[in-house]
Amino acid sequence: MPGRWRGFALLSLLLSGVAGAQGVPSVDGGVADVSPVDGGVAEEAPALQTVVTGSRSQERVRESPVTTEVITRAEIVASGARDASELLSARPGLVVQQGFSGAGLSMQGLAPEYALVLVDGERVTGKVDGDVDLSRLSMEDIEQVEIVKGPGSVMYGSDAVAGVVNFITRKAQRPLGADLRAAYGTRNRLDLDATGETRGDAWGLRMSAGLQRGSAYDLDPTDLGTTGSSLNGYDLSARGDWRGSETLSLEGTASFSHRLQRGVDLGAGSAVFDRATRDNTFASRLSPSWRLGQKATLRTDLSYGHYERRYLRDQRNASALDSVEDTRDQQARLGVQLDARPGSHAFVVGTEYLGEWLHSDRLDGGKGRRGRGSFYAQDTWTIWEKLGLVIVRGGRVDLDSQFGFAVTPRAALKVDPLSWLTVRAGYGWGYRAPSFQDLLIDFENPAVGYTVRGNPDLKPERSRSYNLNVEVRPFGDSVVWAGVFQHSLRDMIAASLQSEGEALRYSYINIARARVRGGELGVRQSLPGRVQVELGYTLTDGTDQDLERALEGQARHRFTAQASWRYRPWGLEALVRGALTGERPFYPDTNGDGVADSYRASPTVSLDARIAWRMPADGLQLFVVGTNLTDAGNPDDLPIPPRTVQAGVSTRF
């Protein structure tokens with residue numbers, strides 16, 4: 001065993017040997033909070049919380065054989081996060097990457113295209129450059145976030161190589177109620193949120209709306225270009241549920257968002273471009289379910305997503321390089337799943353069909369379409385209940401209209417050898433089907449002098465992954481966890497550069513191989529004075545095995561920390577969180593000669609904070625939120641928004 005792995009394994013064993021008796025796991029949602037969340041119902045104790053992402057079936061988070069991290073509604077509110085990118089930016093093992101396509105999510109050292117983002121179990125429509133922009137996902141309507149790291153293709157198919165993040169929307173809980181929230185701050189950032197809900201004996205309906213405004217920002221004031229765009233947007237959503245009888249129930253959701261962003265780009269030869277992007281996203285889901293007995297449920301899911309983007313570039317004082325590009329992405333899924341619990345087994349068996357249609361000016365022929373039929377099955381077998389010994393065996397078969405068959409098995413194990421110790425281990429295969437852009441892109445950038453051509457002969461990328469996690473609960477208010485993981489990928493899709501006279505041509509080929517391995521250590525502890533602290537460390541060792549170099553943009557070391565404080569008699573609460581990210585390697589070709597001009601970006605420190613005061617008399621809450629207080633970021637390799645401070649008020653009726 002290499003020296004660094006021997007040392008990490010020894011440290012993991014030492015942590016797992018901490019003595020103790022009882023407790024609740026940090027990664028399972030935090031310390032129980034019996035006070036009202038947002039003035040509503042009490043938050044459920046972590047040991048009793050249920051999750052659905054790991055097995056696509058409801059289960060207690062403590063009993064889940066797949067390690068699942070939960071961010072509760074209370075933690076979402078306390079963080080002050082306005083969107084998913086801000087919420088996940090300081091989580092251990094997760095990195096939010098800002099780029100042309102927005103804020104993408106990197107998990108366990110793999111790029112954003114290897115992480116699957118879901119809302120209520122449905123894929124988010126509208127990838128740009130292979131990524132889902134997390135800043136499109138507002139937090140005012142999210143009840144909890146479930147994070148499953150490691151291979152998830154056995155349940156979800158393509159893209160779930162590094163893991164899955166599932167955003168669960170809020171249900172109506174009160175007979176009649178409403179919430180209002182308003183915040184304003186630097187960069188003219190304005191956020192307005194409103195929700196209303198009603199619940200009867202057998203039904204519930206919740207509706208929400210949000211408005212966002214913000215100015216552009218520039219991390220390099222020496223030129224006319226802007227680093228980040230201005231924002232004008234709004235979103236609408238609704239969620240309803242109905243129970244027709246003891247056996248029949250129905251859930252449905254619908255949402256629409258509109259975002260208009262403007263910025264300034266610089267091109268070759270001192271050309272200046274005014275850029276505007278308009279994004280419209282619609283998503284809907286309808287899920288009837290039938291109870292077939294005390295231990296069996298049949299559920300049907302029907303979803304449809306529609307994403308439209310118009311991208312406009314207007315050259316100042318000229319029109320030769322003006323361009324308008326339209327993209328329309330549609331996605332529909334029909335799934336049927338049976339959950340059954342005979343004896344000591346819990347079976348999940350399902351089939352689904354996913355259809356995708358993309359119309360874009362950048363595609364050869366202007367459009368692409370494909371369908372993917374799937375069958376999956378998983379058996380969770382409780383062998384020894386007293387010991388908490390559970391074995392998971394599962395597999396999935398996908399038949400893609402373009403790539404044929406893909407088989408992705410998975411095996412997992414959970415055991416509770418002691419009341420304060422839980423061990424989970426897993427192994428699985430994964431794959432990622434090439435995107436329409438990889439296959440069919442036909443793009444020319446005359447301002448810079450290069451073209452990009454897709455490759456319709458690409459094969460899916462394949463992966464083999466394993467993970468081992470140890471969770472120790474030495475006391476009732478403390479948790480220590482440690483884990484190791486490895487992903488081995490082959491047939492990775494990489495850009496290939498070819499010269500065509502004075503122009504450069506990029507295409508895509510299956511050539512790269514990579515191995516990413518690492519580990520996580522963390523602890524959550526309650527301290528005197530009603531303070532709770534959480535510390536985390538992530539080691540990531542990612543290697544491009546063909547080029548024999550570290551993966552671009554991936555830091556080897558990352559530390560995260562969070563401290564929260566709450567004093568209910570005064571209605572005060574505060575939270576501070578931050579991350580220290582180590583050096584990151586980059587390999588740009590700055591002069592176009594085909595040779596990388598490599599460098600290492602300096603370590604960075606980010607810091608966010610929120611303080612709030614709830615007035616006991618009228619239920620108003622005043623708060624101040626600070627984001628990126630250290631003002632980290634630069635226009636070259638860390639184009640994150642600069643320091644932002646907002647003050648606001650929220651209330652509940």
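Q: Which residues form a nonpolar patch on the surface?
A: This is a predicted model: local features need pLDDT of at least 70, side-chain atom pairs count only at pLDDT 80 or more, and totals for chains, interfaces and linings use all residues. Residues are numbered from 1 along each chain as its sequence is written, and side-chain values use heavy atoms, without hydrogens and water. The members are Trp290, Leu292, Leu338, Phe347, Val349 and Phe375.

Q: Which elements give two or more residues to the nonpolar patch?
A: Strands are DSSP runs of E, at least two residues; helices are runs of H or I, at least four; both are numbered from the N terminus. Two strands qualify: S15 (272–293) and S18 (345–360).

Q: What is the relative accessible area of Trp290?
A: Trp290 lies in strand S15. Buried means under 20% relative accessible area, exposed over 50%, partly exposed in between (1.4 Å probe, protein chains only). Trp290 counts as partly exposed because its value is 33%.

Q: Is Thr538 buried or exposed?
A: Thr538 sits in strand S29 (residues 531–544). Its relative accessibility is 8%, so Thr538 is buried.

Q: Which backbone nitrogen does the Thr538 side chain reach?
A: Contacts (heavy atoms within 4.5 Å) link Thr538 to several residues, among them Pro92, Gly93 and Arg556. At 3.2 Å, its side chain reaches the backbone nitrogen of Gly93.

Q: Where is Ser602, and is it buried or exposed?
A: Ser602 is in the loop between strand S34 (599–601) and strand S35 (604–614). Gly582 is 20 residues away in sequence and 7.1 Å away in space, C-alpha to C-alpha. With a relative accessible area of 53%, Ser602 is therefore exposed.

Q: What share of the protein chain is buried?
A: The chain has five helices and 37 strands. Of its 653 residues, the buried share is 52%.

Terms used:
A polar contact is a pair of N or O atoms within 3.5 Å; within protein, one must be able to donate a hydrogen and the other to accept it, and residues adjacent in sequence count only if both atoms are side-chain atoms. Patches are made of residues with over 30% relative accessible area and no salt bridge: like charges are joined within 9 Å, nonpolar side chains (Val, Leu, Ile, Met, Phe, Trp, Tyr) within 5 Å. Accessible areas come from the Shrake-Rupley method with a 1.4 Å probe; for residues, only the protein chains shown count as cover. A salt bridge is a side-chain nitrogen of Lys or Arg within 4 Å of a carboxyl oxygen of Asp or Glu. Lists of a residue's contacts leave out its neighbours within four places in sequence.
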